[in-house]
Amino acid sequence: MTRELVQCVGERRAPVIIGSGILDSVAARVRTMNGGVDPTKVLIVCDGAVDATWGQVVADSFSASHATRGQDQAPRSAVDVTRLTLHASEANKSIESWQKILAAAIEGNLDRKSLIVAVGGGIVTDLAGFAAASYLRGIQWLTLPTTLLGMVDAALGGKTGINLSLGGGALGKNLAGAFWPPSAVICDVATLSTLPVRDFRAGLAECFKHAMIADASIESLLATAATSYTSREAGEQWRLIDLVARSAAVKLAIVARDPREQHERMVLNLGHTFAHAIESQLSDEVLHGEAVALGLVAASFASAASGRMTLEQARSVRARLAALGFAVQLPRAIAMKKLENAAGFDKKRVGKALTLVLPLGDGGAQIVHGADGELLRAGFAAIGAVDGE
Ligand SMILES: NC(=O)c1ccc[n+]([C@@H]2O[C@H](COP(=O)([O-])OP(=O)(O)OC[C@H]3O[C@@H](n4cnc5c(N)ncnc54)[C@H](O)[C@@H]3O)[C@@H](O)[C@H]2O)c1
Ligand SMILES: [Zn+2]
């Protein structure tokens, strides 16, 4: 079973293909999408954690697609494939790694008809996408996310980017980047079988966010995925395909209506003002998805404080996230002031006014410009922030 969605970012349309065991036909798909023509050269940029496994499958697909041509056909030279492996870490989502990709592109003689193929989690796909956006002022690229978060979030929507150093060891996340949608997004849920459980669960937080924003039916699939993980086993993979497809569809619909994040796309930041503040204080202790789960709890209690949902409903969000295995309290006491300050530096702040995305009791979320700082404090208090500096 393969599901196909369409990504529309402004004028640019691209297929989003979701299936299991589909990486070995990547080269054939590329050729079909290109009207039967192979790219001149291919640079595969791969996450170190999947280079020997999924990266190899993708590389093999480019050599195999040539080896299996009909016997009566003249042999064609194989597509020239260059490979580059990167270690995925936020510190490595850097100018230096971007430069390495460009250097590999030069080394591999990539031209305007060449293709960059990104295989990995959001870190590697953001990096490779930004390199594709900048090399020769932009060449085509393909993204093959291998994390759940990548499939339902990072690989979708056309944003690419890297972190910049702010000095003193601090990282400015995603401060340089480009809107440069890939020619296709290919999500092979079989790759999730090697993903550590903790990273897998982190991706579920973004699915939960999508359920809150637009499709409550996603939640029933999360429970199965989180409690038994059976859907990561062969034969049960249709569940994962369904989860990825429904969750991706939420983001794609919103991106299609507001590609440049002028208004509606901001709802996808639900929980993220809180999450980014938490990550700034606990960067080594929580994964992004874990911070998002805490952020969704905080946003729900902030919403209750503003009258947009009842306290009962906010408690229910908290209980449902806890049932999925997420921590719903900060792992240690953090001063309210620190979190508030960190939230003040959040990119979603427009001018001096605080913009918060708040979930609504009956489903959906609302972008609230000029939100009262009291709501921010109510949210942080609900997850265990303590008074003080
Ligand atoms: N462009 C966007 O719109 C967008 C949206 C959301 C997030 N992001 C970015 O995505 C990044 C986070 O992405 P992520 O959560 O995928 O994290 P990640 O890229 O760090 O991957 C998580 C970990 O899993 C490993 N890994 C990846 N696939 C694996 C597999 N199949 N088997 C075993 N190990 C595997 C990686 O090496 C890494 O250690 C952040 O940098 C964030 O800024 C971008
Ligand atoms: Zn997120």
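**Overall fold, domains and ligand shell**

Of the 389 residues in the protein, 50% count as buried. The model discussed here is a predicted one. Its secondary structure comes to 13 helices and 11 strands. Taken along the principal axes, the C-alpha atoms fill a box of roughly 75 × 45 × 35 Å. A compact globule with 389 residues would have a radius of gyration near 21 Å, and the protein, at 21 Å, agrees with this expectation.

The next point is how the protein is divided. Domain 1 covers residues 3-256, and domain 2 covers residues 270-382. The centres of the two domains, taken over C-alpha atoms, are separated by 29 Å. Where the domains meet, 17 residues of domain 1 are in contact with 17 residues of domain 2. On the domain 1 side, the elements that give two or more residues are α6 (197-213) and α7 (218-227). Helix α6 provides the largest share of that side, with 12 residues. By residue type, the domain 1 side divides into 11 nonpolar, 1 polar and 5 charged residues.

Surrounding ligand 1 are 26 residues, of which the closest are Ala49, Gly121, Gly122, Ile123 and Thr147. Two helices, α4 (122-134) and α5 (148-154), each supply at least two residues of this shell. The shell around ligand 1 is made up of 8 nonpolar, 11 polar and 7 charged residues.

Methods
Residues numbered from 1 in each chain as written. Chains lettered and ligands numbered in written order. Predicted model: local features only at pLDDT ≥ 70, side-chain atom pairs only at ≥ 80, totals over all residues. Near = placed C-beta within 6 Å. Helix = DSSP H or I, 4+ residues; strand = E, 2+ residues; numbered from the N terminus. Nonpolar A, V, L, I, M, F, W, Y, C, P; charged D, E, K, R; others polar. Domains from an automatic or database assignment. Contact = placed C-beta atoms within 7 Å. Rg over C-alpha atoms; globule rule 2.2 N^0.38 Å. Buried ≥ 20, exposed ≤ 12 C-beta atoms within 10 Å, placed from the backbone.
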